[in-house]
Amino acid sequence: MPLPFNNKNREKNFDSHPIMKHYKNKAPRVFQSKLVELFFHIPQMIAFLRSLPENYTFTDIMKALEVKRGFRLKTMNTQAVPREGPLVIVANHPHILVDQLSIGAMIEPLRPHSEIRVITDNAPKWLENIYPFSEKVWKTPKEKKAFRERINTLLEHNGTLIVFPWAKLTYRHWINGYTMEWRWRSGAIHFAKYANAPIVPIHVTAKTSMIYNFCSNFFSREIMQNLNFRQALKKEMYIGLTVGKPLTSLEDITPENLRDIVYELGDEAYLLKK
């Protein structure tokens, strides 16, 4: 069975829920209006989380989304995923929510005894409460050292690490139609080399709305994360995962050619955003 996650922050009272606490106490005043709460689908967000079992998994979340929101997940070449040993998964990042959840839900039945963690960056507090299986990138030297130690320990115990090598989301350019990508970081490669773990590239197909792409030029990261969650809870969505051949010889692997490998899997062209 997949390893469950016990979210101790879940509370019965609507107003005391971590997400609502964030909006009532931390967010700018504009977020405290009922109109904005409804726009961001915060009541639906909390109701959705309450519908999950107490000890929930990636699979539980995806099944709930499939039933309640019409999500469709299609996977290809899953036989390429190693069943044992440490594993690092590298993927493109078109959606803040469903790419992480769908990869986790695909891996759980294939590696039932492997603990899964997703590296997240600059996530707001409410997102941390939703993802008790996330590993946040910290800023201070002491926090960074502890973070690296936790990841190395995870892989030493044959865990699975999911990495999006650049934390920002990709998006479709509204004029030329190309996917706009960012320069990828090398952290996934370093972790894999340290643990002698293969890297499995995965291409994620998930559509981000034109509204999101337009607003991302003007609004803060936190507002955009809420808009992305709103999209996931409001719209039906198709998610496609294409798994590539495990990369075991990592000496010549760079963030640049790793990015090319991922996009070749999906036969998707991209432009590098400067």
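Predicted model: local features only at pLDDT ≥ 70, side-chain atom pairs only at ≥ 80, totals over all residues.
Residues are numbered from 1 along each chain as its sequence is written, and side-chain values use heavy atoms, with hydrogens and water left out. Local features need pLDDT of at least 70 and side-chain atom pairs count only at pLDDT 80 or more, whereas totals for chains, interfaces and linings use all residues.

The protein chain contains 11 helices and 12 strands; these are DSSP runs numbered from the N terminus, with helices (H or I) of at least four residues and strands (E) of at least two. Of the 274 residues, 52% are buried, where buried means under 20% relative accessible area, exposed over 50%, and partly exposed in between (1.4 Å probe, protein chains only). Among contacts with a separation of 6 or more, 77% are between residues 24 or more positions apart, a contact being heavy atoms within 4.5 Å. The chain exposes about 13900 Å², of which carbon and sulfur atoms supply 55%; accessible areas come from the Shrake-Rupley method with a 1.4 Å probe, and for residues only the protein chains shown count as cover.

In soluble globular proteins, nonpolar side chains tend to be buried together. Here a nonpolar core is a set of buried Ala, Val, Leu, Ile, Met, Phe, Trp, Tyr and Cys residues joined through side-chain atoms within 4.5 Å. The largest such core has 35 residues, and those with the most contacts inside it are Ile 61, Ile 89, Leu 101, Ile 103, Ile 202, Val 204 and Ile 239. Two or more residues each come from helices H4 (58-69) and H5 (98-110) and from strands E4, E5 (116-120), E10 (199-205) and E11 (238-243). Helix H5 gives the most, with seven residues. Apart from this core lies another, of 24 residues, including Val 90, Ile 119, Leu 154 and Tyr 263. With neighbours within four places in sequence left aside, the contacts of Ile 202 include Ile 89, Ile 103, Met 106, Leu 241 and Val 262.

Side chains of opposite charge can pair when their charged atoms come close. With a salt bridge taken as a side-chain nitrogen of Lys or Arg within 4 Å of a carboxyl oxygen of Asp or Glu, the count comes to two. In one, the closest N and O atoms of Arg 117 and Glu 115 are 2.8 Å apart; Arg 117 is buried at 15% relative accessible area, and Glu 115 is partly exposed at 33%. In the other, Arg 150 and Glu 135 meet at 3.0 Å, N to O. Arg 150 lies in helix H7 (residues 141-156) and Glu 135 in strand E6 (residues 134-136), so this pair ties together parts that are 15 residues apart in sequence. Arg 150 is partly exposed at 35% relative accessibility, while Glu 135 is buried at 12%.

Arg 259, in helix H11 (residues 255-265), is buried yet has no salt bridge; the nearest side chain of opposite charge, Asp 260, is 4.7 Å away. Lys and Arg count as positive and Asp and Glu as negative, with His and the chain ends not counted. A polar atom of the Arg 259 side chain lies 3.4 Å from the backbone oxygen of Trp 182.

Two residues other than glycine are noted for a positive phi. Asn 77, with phi of about 65°, is in the loop between strands E3 (72-76) and E4 (87-91) and is partly exposed at 34%. Asn 158, with phi near 65°, is in the loop between H7 and strand E7 (160-163) and is partly exposed at 39%.

Methods. Polar contact = N/O pair within 3.5 Å; in protein donor to acceptor, adjacent residues only side chain to side chain.
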